[in-house]
Amino acid sequence: FDAEYTMTGDSSDYNYSNRLMLDAGYGYPLNRDILLMAFVEHRTATVDTNDDSDSIMFSADYRFRRDLKMNCLVEFGLSDGAADFGVTAGLRYYL
């Protein structure tokens, strides 16, 4: 379970709302190097004209070595405020 609160501030053109993000999920380690995860996420809209975002996400972490990890995530939107589909990938290097 994660919870985040982001204070966005305002600009001269738009009145932004602060964002609340909540997610809950489950992770299952296949082995020492691979972690599979599934979770649902809710984000409040930062602009009044947008809808809140609800998504289901599937993610995998692969640890190449102790200091290097790759993450891949696939997202499916469940509400009008969410993207219909998304893919994210990244590398993380630990010092």
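Guide: Buried means under 20% relative accessible area, exposed means over 50%, and partly exposed lies in between (1.4 Å probe, protein chains only). This is a predicted model: local features need pLDDT of at least 70, side-chain atom pairs count only at pLDDT 80 or more, and totals for chains, interfaces and linings use all residues. Residues are numbered from 1 along each chain as its sequence is written, and side-chain values use heavy atoms, with hydrogens and water left out.

Visitor: Is L22 buried, partly exposed or exposed?

Guide: L22 is found in strand β2, residues 19–29. Strands here are DSSP E runs of at least two residues, and helices are H or I runs of at least four, numbered from the N terminus. The relative accessible area of L22 is 32%, so L22 counts as partly exposed.

Visitor: What is the strand order of the open sheet?

Guide: The chain has zero helices and six strands. Two strands pair if DSSP finds at least two bridges between them. The pairing is antiparallel, and the order is β1-β2-β3-β4-β5-β6.

Visitor: Which are the edge strands?

Guide: An edge strand pairs on one side only. In this sheet, the edge strands are β1 (2–6) and β6 (85–93).

Visitor: How many bridges join β3 to β4?

Guide: These two strands run antiparallel. One of the pairings sets F39 against its bridge partner M57 in β4. The bridge count between β3 and β4 is 10.

Visitor: Which residue is the bridge partner of F76 in β6?

Guide: Strand β5 (residues 68–77) runs antiparallel to β6, and nine bridges join them. In β6, F76 is partnered by F85.

Visitor: How many residues lie between β2 and β3 in their hairpin?

Guide: β2 and β3 run antiparallel, joined by nine bridges. M21 stands opposite R43 in β3. Between the two strands, the hairpin has four residues.

Visitor: Which residue forms a salt bridge with R43?

Guide: A salt bridge is a side-chain nitrogen of Lys or Arg within 4 Å of a carboxyl oxygen of Asp or Glu. The closest N and O atoms are 2.4 Å apart, and the partner is E41.

Visitor: How many residues apart in sequence are the parts tied by D33 and R63?

Guide: The side chains of D33 and R63 meet in a salt bridge, 3.4 Å from N to O. D33 lies in the loop between β2 and β3 (34–43) and R63 in strand β4 (residues 53–65), so the pair ties together parts whose separation in sequence is 30 residues.

Visitor: How many salt bridges does the structure hold?

Guide: Among them, D67 forms one with R65, the closest N and O atoms being 2.7 Å apart. R65 counts as partly exposed at 46% relative accessibility. The structure's total is three.

Visitor: What radius of gyration does the chain have?

Guide: The radius is taken over C-alpha atoms, and the globule rule is 2.2 Å times the number of residues to the power 0.38. Along the principal axes, the C-alpha atoms fill a box of roughly 50 × 30 × 20 Å. A compact globule of 95 residues would be near 12 Å, but the chain has 16 Å.
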